[in-house]
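Here are my notes on side-chain contacts. Please read them with the model open.

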Amino acid sequence: MSDVVEKTLTALPSLLSLDSQPGSAKLSSNSKLGNLIRGITELTSKHEEEKLIQRELLLIKEQVSSPNTTMRQMKELMVRAIYCEMLGYGVSFSYIHAIKLAQQGNVLEKRVGYLAVSLFLNEGHELLLLLVNTVLKDLQSTNLIEVCMALTVVSQMFPKDMIPAILPLVEEKLNHPKEIIRRKAVLALYKFYLIAPNQVQHIHNKFRKALCDKDPGVMSASLHIYLQLIQENPEGYKDLAPSFVTILKQVVGGKLPMDFNYHSVPAPWLQIHLLRILSLLGKNDQSTSEIMYEILDESLRRAEMNHNITYAILYECVKCIYTIHPKSDLLEKAAKCMGNFVLSPKINLKYLGLKALTYVVQQDPKLALQHQMTIIECLDHPDLIIKRETLELLFRITNDQNVTVIVEKMLDFLRISEDDHTTIDLVGKVAELAEKYFRTYAPDNEWFIDTMNTVFSLGGDLLQPDIPNSFLKLLSEGFDSVEEDKKLRLFAVNSYISLLQGDSSKLPQRFLQVICWVLGEYSHLREDLEPGVVVRLLAKLLDMKSSSSETKCWVLMAMTKLCPGGAALALVHDVSETYSSSLDTMLRQRAQELQILSQDSELQAKVLPRSASMEPVEVDSSLSFLDGFVSEALAAGAAPYKPPHQRQEELSRSKALNLEPYGLSLPISISSCSITDRQSPTLLSISSGLSGDSTDFSHKGSSTALKLDGVKRLWGRDGYLAQKEQTEEAPRIEAASAVRSADQLGDNNASNSQTPNPTPSPECDQEKQQLASSLFVGLASQSFLHQMGKSDPTSQRFRRKTKASGSAEQITDPLVSPSDGSDNLLYKSLLDSLDLDVSPPEQTAGLVAPNGSCDAEEEPADADVKEIETPPVRDERVTAEASPHDDPDGSKDPSLASHLPAELSALSHSKVTLLFSKQNLDVSACHVQKEDSVVLVVFISNCSDSFLQQIRLQVDSEELEVSCVSDCPSEELKSHSVAVCQYFLTVKRPSVHFDLSATVSWQPPAGLPLTTQFSYRLPLATFVRALKLSTEEYGAMWLAFSHDTKQNLTLIHDGWDPLAATLDVLKRKLQLHVVEIIGVEAIVACCLQQDQPCLMHCRMHAGMLAVWLRSPVPDLPDCLLYCCQRALQEL
Amino acid sequence: MQFMLLFSRQGKLRLQKWYVPLSDKEKKKITRELVQTVLARKPKMCSFLEWRDLKIVYKRYASLYFCCAIEDQDNELITLEIIHRYVELLDKYFGSVCELDIIFNFEKAYFILDEFLLGGEAQETSKKNVLKAIEQADLLQEYINDKLSRSVLPPLCLQ
């Protein structure tokens, strides 16, 4: 130690003076903290402690804010503040002083300041910005310790946005002569990479330099970065594999300085890091795996089983060997090593052994056989953690012969587990097993229903909602055999009736809901059961205090389905009466339905036909049955529906007051205007969210049933299809001695010899052998094994079946009944939720006129204008939509097109639209799409017999840059002549539509000058041009663009290839350029006026077109997406 | 590593280091629940815990519990050794460390931890280098050795 001190003294002379200062102050300050701590330990109650700390905090607060407090005192105060914070008291007042201390103190004080900052503040805390300058200063300090402190704090927390400010300095430190600085710099860069990977992209080659650093500490620090990088992109670093292998060889061979040994194992942290990197690189890659076989073998050999640290390395080796491309002799050694873990008396090793086994049995289930007795012992281990891990292992080796035993074990565990997280997880697994094996082997109704009942009871309300859903779906869909289905349902009904006859108050809400649904649907299957009996049982649930209103909804729905007669009818009547005044609107709705349907059995049969749950629900996604209502509402002055996207757009555009008068909402375009372009959610989403703005369910267009055609068929009558094929191909011929009856096992000592653990007593042994035979049956000899869990991508419970059945939707919410006759009932609730703005249009025209005249009129575009002389200047506005199909009588004068300037006449132009006509002055306009630009052409025609003078036209737009190419040639306009003005339009910022507002003023021969405003609208498509790209260019650009958006669009199903057809429409309507079509995917590019590209990636998925747009221009992807939507809808 | 907690057998927090950004409320909640869970475990039980979606590795040294939260793919055993190495460092620095050393000099314990683990990753595994760094920064600053209280408590038993 003395030599260290000596070194320090010579290296850091500047700090020497500090130490020569008298230590008395330190003493007293330390004792202040000491006093505090001692004071606290002497206290007996929490209350006293609180009082003491509050007093202490007041004192600290007073002192830190006093200007006389020296930095030395401040340091001591900070230590006390840290202590108080650790005890759980708020010390936010001291945060700013901690930063100040880091900034102003000398080295020692600074260190405490930095420490306090790193303990007090979170990564995102705004005060951290104040630290940036201090860090910047310290990074440039000549004092090594200051640099170290700055790097330390930076590696822990730094405001993401300020990284560029210090990045060059940190980078520079990579070349620092001191290894400690280099090491910390590497870790700081690692931190930057984690929080802002883009910022450090340019220094990847410097990481390589750090990897080659002569100091092992720096090198091993750089492995953190590589582990992260390789995790994200193993392909990019395959070339480094030999280097990593070489490093590992050197480490294992003991080439590192002795300092790095830990309990005489060379650099174990480094070894583990390297092993993890190698397993990532060697995964699914035979050639890379081959170069690591040798070193893995050596690692296994060198690591003797004597200390935790070698076990840690061995564990990592085993994992690596089983992850990379397999090599048989290595696998054998790894298996043996794992066996030692499992058999170890040390509980930590046993746990890891089980964990490794769980990982490994997915590849080689026979390994579980070798350890069957140990596994069974672990199953009864007093430590729940071990038990839990064992169940995890069993879950992975489940097959149709041992499933009942394994499920039983899992349920046993669930009964004693108190941890919510574990319960949720295990319940899910049991449900998964029950459902899967019920489907795959001879159905055992009793087992299945009982298991699910236990799942529902134990899982309670923690249960993931998809478990009851898929259970009910399974019940309602059934299998191929009608008889079997009926039996299953009947069994469920019986089971639930007896449950309800018992004490039902303990049952979880979710379970009650399931029961309600099943009884409502299927209790008629039991012929001896009066519906009245069921209704009475259900009514009991309504009276229970614990029942949630959601459950009550299910109960009422079930009653609605039951339609009892006789005395029960009166009960039903009472119930509906009671709940029809409920505060819960859902409940009220259900009660209303119950009331109406219970009185009209004919309607009931139509709305809720029995046996209809098998039929798919026709989802009328366009909600066409509401058309009548919509047109009525529109006629009454409601605003037409706009999809949420457009609403958002307009909302952001018109944050200010709306100064335009509302257009006349006459019923002219009602039938066409909004019904087709309403982006209606499916019935599914209406029922769940009752909101019109869920864009996720973007089923649009004509009425469709649920589109599930594209979904791969994973499950069939015989279970998981892919799995089965695979197992049929590869039957395990090397059948080991797994299927043994219990007595065989008892005789056969060979199996015992595999498990060296002596079994305690023969009786117990017998029991365990029995258990073993039932648990491990079918593992090796069976021709197939259903592996569950992580390696099985289909194991999630969310599965869409190929059979499009409405019952699942019906289950999700009792609201939706499965028949088409339901509209009269659902009508009301749907209407309530529709996003129609039914308020009458406001008469704001009076407010609008800027000159204060209050009698401005609204008029349709082509109305004749009668001018009243009184106001000197009148402002009026008329609007015209530029879309050509919109107003058939707009183009009054086709000959106007002949006035197009010569250079434009050859190009395609939009239809010439009459914008307004007044006092013998007509103004029309069209736009011309040139290759690289858009030109607006305005025609002003004088229809009168006299001169018009002082004609002025001004065109403006918020989103467009308007530059005048040629103005009105003269300020005068002869009678019956036309003046042509051209404006060059460029996009300032993208928008779905571009509105141009224009003012024209003129002076008629007699009378006052007149002014009229009008507007002209261009769709975004006008400005979109094809962008010719190669696939490579596209790829490079894609990564560079930051603004993106994703959505599903409707596919066009005409012809043989929906993707091509859809792209064709987009190409035609929006001039998009299709770069390449690859299978079900396509890449498309376009640009807005050459310099604003937008890329689109399309993929056919589940009957929809999933599009992903990217662009460097904000808002462009959104706007373009909207245009695509429109283009596809307008077909 | 997501965080490291040191707490006494009585459940008093002695040191806390968070490597993931969490709100104070969450930190308190996690600490409370975890301390409770760990203290309830029996001595011969496994040092690893699955807790929420994290893996907890803990070890008891005399009256102090050292407790780390790691991610699922991390190696549990090496985390145990990280704890052990940290205790070794404390021991070397304080000279046969006991709980009171850490209570009264917790800022030193933090400095040592920061030299050993940086941002949740093992920074320097050579014991000599860590101590060198600490001592350099410490200069000749003497901490107050509370010999009086030290004699009361047993040293943390290092195996």
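1. Basis. This is a predicted model, in which local features need pLDDT of at least 70, side-chain atom pairs count only at pLDDT 80 or more, and totals for chains, interfaces and linings use all residues. Residues are numbered from 1 along each chain as its sequence is written, chains are lettered from A and ligands numbered from 1 in the order written, and side-chain values use heavy atoms, without hydrogens or water.

2. Aromatic pairs. Rings of Phe, Tyr and Trp (its six-membered ring) pair if their centres lie within 6.5 Å; planes under 30 degrees apart are stacked, over 60 edge-to-face, the rest tilted. A:F456 and A:F471 have ring centres 5.4 Å apart and planes at 70°, so they pair edge-to-face. A:F456 lies in helix α25 (residues 445–459) and A:F471 in helix α26 (residues 466–477) of chain A, so the contact ties together parts 15 residues apart in sequence. Helices here are DSSP runs (H or I, at least four residues), as are strands (E, at least two), numbered from the N terminus.

3. Burial of that pair. A:F456 is buried at 1% relative accessibility. A:F471 is buried, also with 1%. The cut-offs are under 20% for buried, over 50% for exposed and in between for partly exposed (1.4 Å probe, protein chains only). One aromatic cluster takes in A:F448, A:F456, A:F471, A:Y496 and A:F511.

4. Salt bridges. B:E115 is buried at 11%; A:K184 is buried at 0%.

5. Network. Salt bridges link A:R388, A:E392, A:R396, A:D425 and A:K429. A:K429 also lies over the face of A:F395, 5.3 Å from the ring centre. For a charge to sit over a ring, NZ of Lys or CZ of Arg must be within 6 Å of the ring centre and within 35 degrees of the ring normal.

6. Another charge over a ring. The charged end of A:R111 sits over the ring of B:F111, 3.8 Å from its centre.

Methods: Salt bridge = Lys/Arg side-chain N within 4 Å of Asp/Glu carboxyl O.
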